[in-house]
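This briefing covers a pocket, a nonpolar core and a loop residue. Look at the structure first, then read the points below.

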Amino acid sequence: MIFFECHAPDENVLYISSGEKIDPYKAIINAVGMVESGHDINAYNRIENAVGWLQIRQVRIDDYNKRTDSNYQLYEMYDSIKSVTVFMEYARVS
């Protein structure tokens, strides 16, 4: 048998509810996006062949694909979710 006791909470009970998830990289991603492209998701730098709002280049895609066994293509970096995924691989590296 299992027994347990239940009591009504006291008046001095502190309840902690979960709040908004904290993303420690959000500010840096937004700053990089502003500097690189002015947050233009369709940005293209012809000189560097860099695409998307984070201005990711082919050499980064090649390295990311090796590290993660992925098969991203440069044109996919126009997708903000995919470009942040690639960006975060390097932002988290110490």
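The largest pocket is lined by Val32, Glu36, Glu48, Leu54, Gln55, Ile56, Arg57, Arg60, Val86, Phe87 and Tyr90. A pocket is an open set of points on a 1 Å grid over the protein atoms alone, where a 1.4 Å probe fits, with protein on both sides within 12 Å along at least five of seven lines; lining residues have an atom within 4 Å of a point. The model is predicted: local features need pLDDT of at least 70, side-chain atom pairs count only at pLDDT 80 or more, and totals for chains, interfaces and linings use all residues. Residues are numbered from 1 along each chain as its sequence is written, and side-chain values use heavy atoms, without hydrogens and water.

- The largest share, three residues, comes from α3.

**Nonpolar core**
- The largest nonpolar core has 14 residues, and those touching the most other members are Ile29, Leu54, Ile56, Ile61, Tyr72, Met77 and Val86.
- Such a core is a set of buried Ala, Val, Leu, Ile, Met, Phe, Trp, Tyr and Cys residues joined through side-chain atoms within 4.5 Å.
- α3 gives the largest share of this core, four residues.

**Glu76**
- Glu76 sits in the loop between α2 and α3.
- Glu76 counts as buried because its relative accessibility is 14%, and buried means under 20% relative accessible area (1.4 Å probe, protein chains only).
- The side chains of Glu76 and Lys82 make a polar contact (2.8 Å), that is, a pair of N or O atoms within 3.5 Å, one able to donate a hydrogen and the other to accept it; residues adjacent in sequence count only if both atoms are side-chain atoms.

Note on methods
Helix = DSSP H or I, 4+ residues; strand = E, 2+ residues; numbered from the N terminus. Buried < 20%, exposed > 50% of the residue type's maximum accessible area, 1.4 Å probe, protein only.
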